[in-house]
Amino acid sequence: MNLTLKIWRQSDANSKGKLVDYNISGVEGDMSFLEMLDVLNEDLINKGEEPVVFDHDCREGICGACSLQINGEPHGPDRLVTTCQLHMRKFNDGDTIYIEPFRAKAFPVVKDLMVDRSSFERIQHAGGYISVNTSGNTQDANAIPIPKKDADEAMDAATCIGCGACVAACKNASAMLFTSAKVSQYALLPQGQVEATERVLAMVNQMDEEGFGNCTNTGACEIECPKGISLENIARMNREYLKASLKG
Ligand code: SF4
Ligand code: FES
């Protein structure tokens, strides 16, 4: 395949960025999107030009580091895959592909296609944990009966990889899907009950402080989420928040 890439280049958070055109040839359908960018970067380095900066780590859909807005969609045109799992066979010879960073006030651009998602980490730090007595008398988690439905739903929520696609997909740049997944994975389990009140208040408060927008029930986040995190988690977080607020 021969492709035209229109890639966002920006030196740092304070500089103005712009789309720059690149032509690339010899792209195979079996290449991942990031492998295609590797080929481009090799070409750029060989020509003495600056390679395109983009975020990646595991390249197998686990870490959530890869974060590209491809033709206006976070993680591109495929469903339930991350950018690193997106294959070039989803594109056609002669296509023009727009590649931009995730856009949100709370995700400032570091360089080119890489954004700073430490705002997500601060939301996690605010309450995304449980305190466990590790004195040696810790009860085996498997000894605590949990209804299968709750265990399954908690596991589903825990599959959120913190990629930020939900924020990038949302017209309000809301982080409700991410935060609600992190709240839900504990709210559904007995181990999460001890700190449940403080957790939801602290995580929602941190989310607001980071400058994420509000949820207006558009549902774009659920569609673009590579892990299929359900909007039901947002409804659960709203219930948890109301309960916690009433407790004071
Ligand atoms: S909810 Fe989905 S889109 Fe949002 S951070 Fe988690 S995995 Fe990514
Ligand atoms: S690089 Fe880890 S999920 Fe894509």
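**Overall build**

The model is predicted. Its secondary structure comes to eight helices and seven strands. The C-alpha trace spans about 60 × 35 × 35 Å along its principal axes. Of the 248 residues, 38% are buried. Among contacts with a separation of 6 or more, 70% join residues 24 or more positions apart.

**Domains**

The domain assignment gives two parts: domain 1 covers 3–111, and domain 2 covers 117–132 + 144–247. Their C-alpha centres lie 28 Å apart. At the interface, 18 residues of domain 1 are in contact with 17 residues of domain 2. The domain 1 side of this contact has nine nonpolar, six polar and three charged residues.

| Helix | Residues | Length | Span, first to last C-alpha | Expected span |
|---|---|---|---|---|
| α6 | 196–209 | 14 residues | 20 Å | 20 Å |

How many residues of α5 are buried? The count is 12 of the 12, so α5 is largely enclosed by the rest of the structure. The buried set includes M176, F178, K182 and Y186. Its cover includes α2, α3 (148–158), α4, α6, α7 and α8.

An α-helix has 3.6 residues a turn, so residues three or four places apart point the same way. After α6 comes G211, with a positive phi near 95°.

**Ligand shell**

Ligand 1 has 14 residues around it. Which of them come nearest? They are C160, C163, A165, C166 and C225. Helices α4 (165–169) and α5 each supply at least two residues of the shell. Helix α5 gives the most, with three residues. By class, the shell has 11 nonpolar residues, two polar and one charged.

Most residues other than glycine have a negative phi. Two residues here depart from that pattern. H75 is not a glycine, yet its phi is positive, about 65°. N217, also a residue other than glycine, has a positive phi near 55°.

Both are loop residues. H75 lies between β4 (73–74) and β5 (96–101). N217 lies between α6 and α7 (220–224).

Are these two buried or exposed? H75 is buried, with 28 other C-beta atoms within 10 Å. The cut-off for a buried residue is 20 or more. N217 is exposed, with 8 other C-beta atoms within 10 Å. For an exposed residue the limit is 12 or fewer.

Note on methods. Residues are numbered from 1 along each chain as its sequence is written. Chains are lettered from A and ligands numbered from 1 in the order in which they are written. This is a predicted model: local features need pLDDT of at least 70, side-chain atom pairs count only at pLDDT 80 or more; totals for chains, interfaces and linings use all residues. Helices (H or I, at least four residues) and strands (E, at least two) are DSSP runs, numbered from the N terminus. The expected span of a helix is 1.5 Å times one less than its number of residues. Domain bounds come from an automatic or database domain assignment. Two residues are in contact if their C-beta atoms, placed from the backbone, lie within 7 Å. Ala, Val, Leu, Ile, Met, Phe, Trp, Tyr, Cys and Pro count as nonpolar, Asp, Glu, Lys and Arg as charged, and the others, Gly among them, as polar. A residue is near a molecule or strand if its C-beta atom, placed from the backbone, lies within 6 Å of it.
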